[in-house]
Amino acid sequence: MATGSRARRAALIILVGIAIVGGAAAFALNSPTALAWFYNQQAHRRFAQQRGLANMFDGKALRVVLCGTSSPVPDAARAKACTVVIAGDHAFVVDTGPESWKTLALANFPADRIAGVMLTHFHSDHIGDLGEFRLQTWVGGRKQPLPVYGGAGVEKIVDGVNLTYALDDGYRAAHHGHDVAPIEAAPLIAKPFKVGSSDTHDQAETILEDGDLKVTAFEVNHTPVRPAVGYRFDYKGRSVVVSGDTIKWPNVARWSHNADVLVHEAQNQNMREIIAAAARDENMKSVGKIFEDIETYHSSPRDAAEIANQAGVRLLVFTHFTPPLVSGLLDSLFFEGVSDIRPASGWVAGFDGMRIDLPIGSDKIEQSALATGIFR
Ligand SMILES: [Zn+2]
Ligand SMILES: [Zn+2]
């Protein structure tokens, strides 16, 4: 009995202790002073994290960051089309889909490293955040206009965004001063190229040569959308290709020849048809029609896997998921048959914040994820 009594007393003391410590913690967590201390720690952590990303620009690898992996159909966990390619001390952004800046901002990506934007085509899910990239790179340290590469018509996009943001340019310049917001550096500047609109969809053009970096725009087939291109980046013997939106198309395989990484769009036709049929059943006529129409201008995951095989691509990274790949539980449905075409090590489902490093002088392909760290 005495032993039992001592045990009960010890348990009571422990419970009281937990209550006191818990109460103190709860008090501290509700204390503005304690919260301000925690907040200060997080603020320093955020900027330290951004400095830590500087080693991505050391020229020792060709690198890729996925900043948007969704199609136009909304997905809470994914921004729309956006891929960053880092070569040397510069980053280039292929497509600026809605909310894609947010993906980079959450990872504290250094805005002043972005040296250019390359648009694959002018669908809204590829250009919707162009104004945000314009603003954030400018107030983030850009000291000259931001080049925007694209096929015929890119001048219109650039003129429109520049006009839309002109009033805000004035506010920022007046508020923050010339050192932070030099007004002459604010605009986008169009860099149009010729390829992208041929009837044969098989042309290509070198659009940028800068030291060890060469960028090629090649035609894809996203009919009726023209121009429509993909991009190949070659840097110190490593290579990355971004397909843009396209059906299964030989010119993608041609320009992905022996590429280390192919970032390719994917649309599951079975799942798309399920949504189209459900929309018809529910009398949602416009949605049903759109989900029928899009059948003819995208690639299935198996199509992309076959293109990657034809090209001898080492890692196929799926992006631009239609319908949304909202859960890993859907993987076996969405990617049905892909592993019959390529080994499991030869493909991966992309996600927002995914980072791929291709170290120079090796054949390594390193996959990781950027940490998100803004006041979290
Ligand atoms: Zn498109
Ligand atoms: Zn698209």
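Trainee: Hi! Which domains does the domain assignment give for the chain?

Mentor: Domain 1 (2-30) and domain 2 (58-369), with bounds that come from an automatic or database domain assignment. This is a predicted model, where local features need pLDDT of at least 70, side-chain atom pairs count only at pLDDT 80 or more, and totals for chains, interfaces and linings use all residues. Residues are numbered from 1 along each chain as its sequence is written, while chains are lettered from A and ligands numbered from 1 in the order in which they are written.

Trainee: How many Å apart are the C-alpha centres of the two domains?

Mentor: The centres of domain 1 and domain 2 are 56 Å apart. The C-alpha trace of the chain spans about 95 × 55 × 55 Å along its principal axes.

Trainee: And how many helices and strands are there?

Mentor: Twelve helices and 15 strands; these are DSSP runs numbered from the N terminus, helices being H or I with at least four residues and strands E with at least two.

Trainee: Switching topic: where does His320 sit, and is it buried or exposed?

Mentor: His320 belongs to strand E12 (residues 315-322). His320 counts as buried because it has 29 C-beta neighbours inside 10 Å. The cut-offs, with C-beta atoms placed from the backbone, are 20 or more other C-beta atoms within 10 Å for buried, 12 or fewer for exposed, and partly exposed in between.

Trainee: What does His320 touch?

Mentor: Leaving out residues up to four places away in sequence, His320 touches Thr69, Ser71, Ala81, Asp245, Glu265 and Ala266. A contact here is two C-beta atoms, placed from the backbone, within 7 Å. Gly244 is 76 residues from His320 in sequence, yet their C-alpha atoms are 8.8 Å apart.

Trainee: Nice. Now helix H5, which of its residues are buried?

Mentor: In H5 (residues 130-139) they are Leu130, Phe133, Arg134, Gln136, Thr137 and Trp138. Just after H5, Gly141 has a positive phi of about 125°.

Trainee: Which residues of H5 and H6 meet?

Mentor: Leu130, Gly131, Arg134, Leu135 and Val139 of H5 meet Ile157, Val161, Thr164, Tyr165, Asp168, Arg172 and His176 of H6. That contact divides into six nonpolar, three polar and three charged residues; Ala, Val, Leu, Ile, Met, Phe, Trp, Tyr, Cys and Pro count as nonpolar, Asp, Glu, Lys and Arg as charged, and the others, Gly among them, as polar.

Trainee: Last one: what is Leu316 in contact with?

Mentor: Neighbours within four places aside, its contacts are Leu262, His264, Ala304, Ala305, Ala308, Arg342, Gly346 and Trp347.
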